[in-house]
Amino acid sequence: MDIIAAISTGPALSAIGIVRVSGEGCFALCDRVFHPLSGRPFSAARPREMVLGRLLDREGASIDSCLAVRFPGPGSYTGEDCAEFHCHGSPVVLGEALAALFAAGARQAGRGEFTKRAFLNGRMDLTQAEAVIDLIESETAQAARNAVEQLGGALGRKLRTVYDALLNIASQFYAVVDYPDEDIPDLGREEILEALTRSETALTALLATASRGQVLRRGVPTAILGKPNAGKSSLLNALVGYDRAIVTDVAGTTRDTVEEKATAGGVLLRLIDTAGIRDASDPVERLGVERARRAAAEAELALLVLDGSRPLTEEDREVIRIARAVPRVIAVQNKADLPRQWDPATLEAELGTVLSLSAREGQGLEALEAAIARLFPEDGTPRGEILTNARQAESLSRALASLRGARAALEDGLTPDAVLSDVERAMNALGEVTGQTLREDLTARIFERFCVGK
């Protein structure tokens with residue numbers, strides 16, 4: 001493969017910026033742009049040891065005084081020779097460093113190309129490769145912990161256990177058929193059924209985590225509902241930590257949905273501040289109210305905001321009715337900094353506990369966050385075994401369907417080749433998740449287990 005280079009840190013000003021290089025011959029290429037102060041060539045430096053030197057442009061002029069480190073393959077991130085330059089974090093300096101590498105013979109790396117090379121060179125499977133971007137994009141500590149465990153191979157190991165059990169079935173079947181002169185025992189029906197059942201149970205448990213994974217990755221669709229001037233936008237601003245929505249004393253200020261993400265109680269919420277729900281004569285406000293109703297219909301959580309400084313009205317009752325149709329509801333009596341006009345206990349029979357808070361003053365937010373955390377608790381699934389990737393879930397669903405078909409065929413007394421057809425479909429679907437290739441693995445397993453051709 002040719003030599004690739006890219007800036008590996010973000011485009012913003014920072015103290016340190018990193019330029020990464022990978023490919024056979026990259027150390028000799030780096031010698032042309034980096035001169036260690038020790039006078040010893042960079043290509044001869046000790047692996048994984050920082051070296052101080054000058055980074056030079058194509059004319060030999062200094063770009064920066066920086067640190068460089070080399071990672072010989074196959075023990076590097078990509079599995080091939082790699083190097084990194086740790087420069088001062090000016091985008092200009094990093095751009096000049098990259099231009100010098102290009103002039104020396106490297107090319108611009110494509111999106112994800114370092115991780116792609118790591119996969120192709122066997123340094124990680126596809127679950128680990130996809131965990132890299134999940135870790136980068138994680139927005140909560142829970143999501144980061146799940147991604148880092150997947151990067152460490154937790155999900156891949158679980159799937160390989162299933163894959164290997166099915167591979168044992170297929171390889172032994174083909175060994176018996178293709179090498180009849182060898183003393184290879186036939187597979188027993190009970191042995192096959194046990195392997196299929198065990199694999200089916202494992203995949204069912206994994207797929208059951210997919211909804212939890214979507215919460216980790218995308219957040220919980222959360223509609224903030226209430227009548228006009230109840231304090232919905234103030235609550236949105238309090239949760240996101242800045243003035244995202246306009247707040248005034250004029251009812252109907254919010255006429256469209258305002259969306260923002262925030263973490264509350266360790267849970268990522270996709271907050272939707274809606275227009276106040278009421279019978280509006282203004283056509284623009286009516287559109288906003290209709291969008292509020294649609295947001296409620298698509299939400300997984302409703303934050304029902306009721307004005308505690310004014311008596312409950314029919315408009316409040318209509319909002320309560322809409323909120324109760326959402327799968328999860330947390331009701332709050334807002335404006336706790338003002339005299340209370342109704343007792344929250346009067347609504348607890350239909351809404352459960354009604355929290356008291358002041359969104360404008362930031363009072364009571366801790367209790368709200370605790371309530372959110374209780375609605376979305378960690379379910380005890382080991383970190384790294386929560387499916388957050390829709391592609392992976394779709395492939396595993398097909399694998400599970402094939403396993404169920406194989407078990408049904410076995411229980412119906414069909415011939416082994418009919419059972420094996422479904423087993424191979426399940427293996428192919430699993431291979432789409434991990435990157436394993438059925439044909440290569442099947443051949444290797446036959447010769448590994450049965451000493452064929454002795």
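**Figure 1. Overview of the predicted chain.** This is a predicted model, in which local features need pLDDT of at least 70 and side-chain atom pairs count only at pLDDT 80 or more, while totals for chains, interfaces and linings use all residues. Residues are numbered from 1 along each chain as its sequence is written, and side-chain values use heavy atoms, with hydrogens and water left out. The chain has 16 helices and 13 strands, where helices (H or I, at least four residues) and strands (E, at least two) are DSSP runs numbered from the N terminus. Of the 454 residues in the chain, 48% are buried; buried means under 20% relative accessible area, exposed means over 50%, and partly exposed lies in between, with a 1.4 Å probe and protein chains only. Among the contacts in the chain with a separation of 6 or more, 67% are between residues 24 or more positions apart, a contact being heavy atoms within 4.5 Å.

Figure 2. Just after helix 3, Gly122 takes a positive phi of about 80°. The twelve residues of helix 4 (residues 126-137) should span 16 Å at 1.5 Å a residue, and the end C-alpha atoms of this helix are 17 Å apart, which agrees; the expected span is 1.5 Å times one less than the number of residues. Buried in helix 4 are Thr127, Gln128, Ala129, Glu130, Ala131, Val132 and Asp134. Asp134 has 9% relative accessibility and therefore counts as buried, and, not counting residues up to four places away in sequence, Asp134 touches Ala147, Gln150, Arg217 and Thr388.

Figure 3. Val93 lies in helix 2 (residues 91-104) and, at 16% relative accessibility, counts as buried. When neighbours within four places in sequence are left aside, Val93 is in contact with Ile63, Asp64, Cys87 and His88. The C-alpha atoms of Val93 and Leu55 are separated by 9.7 Å, although the two residues are 38 residues apart along the chain.

**Figure 4. Close-up of the packing of helix 7 against helix 14.** The axes of helix 7 (residues 189-207) and helix 14 (residues 390-411) come within 9 Å and cross at roughly 155°, where axes are lines fitted to C-alpha atoms, for helices over the stretch in contact, and angles run from 0 to 180 degrees between N-to-C directions. That makes helix 7 roughly antiparallel to helix 14, a term that applies to angles over 145 degrees. The residues of this contact divide into 13 nonpolar, four polar and five charged; Ala, Val, Leu, Ile, Met, Phe, Trp, Tyr, Cys and Pro count as nonpolar, Asp, Glu, Lys and Arg as charged, and the others, Gly among them, as polar. Glu200 of helix 7 is buried, with a relative accessible area of 11%, and, leaving aside neighbours within four places in sequence, Glu200 is in contact with Leu400, Leu403, Arg404 and Arg407.

**Figure 5. Close-up of the packing of helix 14 against helix 15.** Helix 14 and helix 15 (residues 416-434) pack at an angle of about 165°, with their axes 8 Å apart, and the two helices are therefore roughly antiparallel to each other. The contact involves residues including Ser395, Ala399, Ser402 and Ala406 of helix 14, and Val419, Val423, Ala426 and Leu430 of helix 15. By class, the residues of this contact divide into twelve nonpolar, four polar and five charged.

Figure 6. Most residues other than glycine have a negative phi, and most peptide bonds are trans. The peptide bond from Gly73 to Pro74 is cis, with omega near 0°, and Pro74 is placed in the loop between strand 5 (62-71) and strand 6 (82-89). Arg48, in the loop between strand 3 (34-36) and strand 4 (51-56), has a positive phi near 60° and is partly exposed, with a relative accessible area of 47%. Asn229, in the loop between strand 8 (220-225) and helix 9 (232-240), has a positive phi near 70° and, at 27% relative accessibility, counts as partly exposed.

Note on methods:
Parallel < 35°, antiparallel > 145°, perpendicular 65-115°, else oblique.
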